[in-house]
Amino acid sequence: MIKSYKITTLNEYIIRRQAEYPYAKGELTRLLYNVGVAAKIVTKKVNKAGLVDILGNMGNVNVQGEDVMKLDVFANETFISSMRASGECCGIASEENQGIITFDDGLSRDANYIMSMDPLDGSSNIDVNVSIGTIFSIYRRLSSRGSKAEEKDFLQPGRKQVAAGYIIYGSSTMLVYTTGNGVAGFTLDPSIGEFCLSNPDIKTPAAGKIYSINEGNYIHFPQGVKNYIKYCQEIDSQSKRPYTSRYIGSLVADFHRNLLKGGIFIYPQTRKSPTGKLRLIYECNPIGFIAEQAGGMATTGEQNVLDLVPGDLHQRIPFYTGSKNMVEKVKEFLEKE
Ligand code: AHM
Ligand code: MG
């Protein structure tokens, strides 16, 4: 007897969700579809990274005499061209580019959406075969359709996000996204080239046992964070402490693990990065939106991340995200100091 498997592909899922909104015109659907396409192209390159000479610096020449493009530059260009090709995006802000990129051809000018992204996050892990990711965030434009996208379109609070997600290039590639109605995860099946629904309606445990922070920076942390780390390491059987410390150094990978297992990710301000290291628009807003949609939360320590109004495209903030009880706890420690 032939066994049949019922799978739901990313595209089927997006189309099905669109049907839940009677006035939806399929614009966001097409945009998300193209995110999936770009993710597959980048996956292919990431998987080949150890085999071909793609890890060299930009400007290097490979054995065929071709210019070698660094993986992060490749990811940036792939997502930009995929968004341009969708015809549903009028501009992009990328962690890799100083200013915004506007798409001025006929179709894109009329588009309703803009995208902000970190095309390849976890740069220190690119060359060493450790999980890396792409983070994206989609907003409705504020400028009028038919005109060029403007910077103000990208400086909206995270609360205004229409969709956000990430792709993790790990032992398998996964795409996790939200449109504000729960979080769903898809795993790429390379044999059929499709993202298949693997984690419907992801909910993060309210209390976890993992804390993720670069403890090498301990000496530079605010006192409240130092005290919280000590709290995580204390013995207390009721709250299952000591917690486990896990830190990959790729936000996407650290967040993804904690999202599924329960935990907290912290990147506070340090003496080296007095306002924090992670970028509000490209990293914290999309991750914060997913955290909230999964039942967790994201804060700067003082304010909910999604309520911040970005001052500039590359603004950095202190970032605490993950299981609700754990984020509330670290906030208590910060408030005491
Ligand atoms: P990047 O955008 O240059 O890759 O930097 C962001 C990364 C995050 O993925 C990660 O959480 C953090 O930087 C790690 O920083 P550190 O090496 O200082 O711990
Ligand atoms: Mg990054």
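What follows is a chat about one predicted model.

Reader: Hi! Before we dig in, what kind of model is this, and how are residues numbered?

Author: Hello! This is a predicted model, where local features need pLDDT of at least 70 and side-chain atom pairs count only at pLDDT 80 or more, while totals for chains, interfaces and linings use all residues. Residues are numbered from 1 along each chain as its sequence is written, chains are lettered from A and ligands numbered from 1 in the order in which they are written, and side-chain values use heavy atoms, with hydrogens and water left out.

Reader: Great. Which residues are the protein donors of the magnesium ion (ligand 2)?

Author: Asp 118 (OD), Asp 121 (OD) and Glu 283 (OE) are its protein donors, lying 1.9 to 2.1 Å from the ion. Donors here are N, O and S atoms within 2.8 Å of the metal (3.2 Å for Na, K and Ca), and water is not among the atoms, so sites may look incomplete.

Reader: And what spacing do the donors follow along the chain?

Author: They follow D-x2-D-x161-E. Asp 118 lies in strand E3 (residues 113-121) and Glu 283 in helix H7 (residues 280-293), so this pair ties together parts that are 165 residues apart in sequence. Helices (H or I, at least four residues) and strands (E, at least two) are DSSP runs, numbered from the N terminus.

Reader: Asp 118 and Glu 283: buried or exposed?

Author: Asp 118 counts as buried at 1% relative accessibility, and Glu 283 is buried too, at 4%. The cut-offs are under 20% relative accessible area for buried, over 50% for exposed and partly exposed in between (1.4 Å probe, protein chains only).

Reader: What lines the largest cavity?

Author: Tyr 13, Arg 17, Tyr 177, Thr 178, Thr 179, Asn 181, Gly 182, Val 183 and Ala 184 do. Helix H1 (10-18), strand E6 (173-178) and strand E7 (183-189) are the elements that give two or more residues to this lining. By type, the lining residues divide into four nonpolar, four polar and one charged.

Reader: Since you mention E7, where is Phe 186?

Author: Phe 186 sits in strand E7 and counts as buried at 0% relative accessibility. Its C-alpha atom is separated by 6.4 Å from that of Asn 199, 13 residues apart along the chain.

Reader: What about helix H3: how far apart are its end C-alpha atoms?

Author: They are 22 Å apart, which agrees with the 22 Å that its 16 residues (71-86) should span at 1.5 Å a residue. That expected span is 1.5 Å times one less than the number of residues. Twelve of the 16 residues are buried, so H3 is largely enclosed by the rest of the structure. Among the buried ones are Phe 74, Phe 79 and Met 83.

Reader: Last one. Which peptide bond is cis?

Author: The one from Arg 241 to Pro 242, with omega near 10°. Pro 242 is in the loop between helix H5 (223-233) and strand E10 (244-245). Lys 240 lies in that loop between H5 and E10, has a positive phi near 60°, and counts as exposed at 53% relative accessibility. Most residues other than glycine have a negative phi, and most peptide bonds are trans.

Definitions and conventions:
1 Å grid on protein atoms, 1.4 Å probe; cavity = no way out; pocket = protein on both sides within 12 Å on 5 of 7 lines; lining within 4 Å. Nonpolar A, V, L, I, M, F, W, Y, C, P; charged D, E, K, R; others polar.
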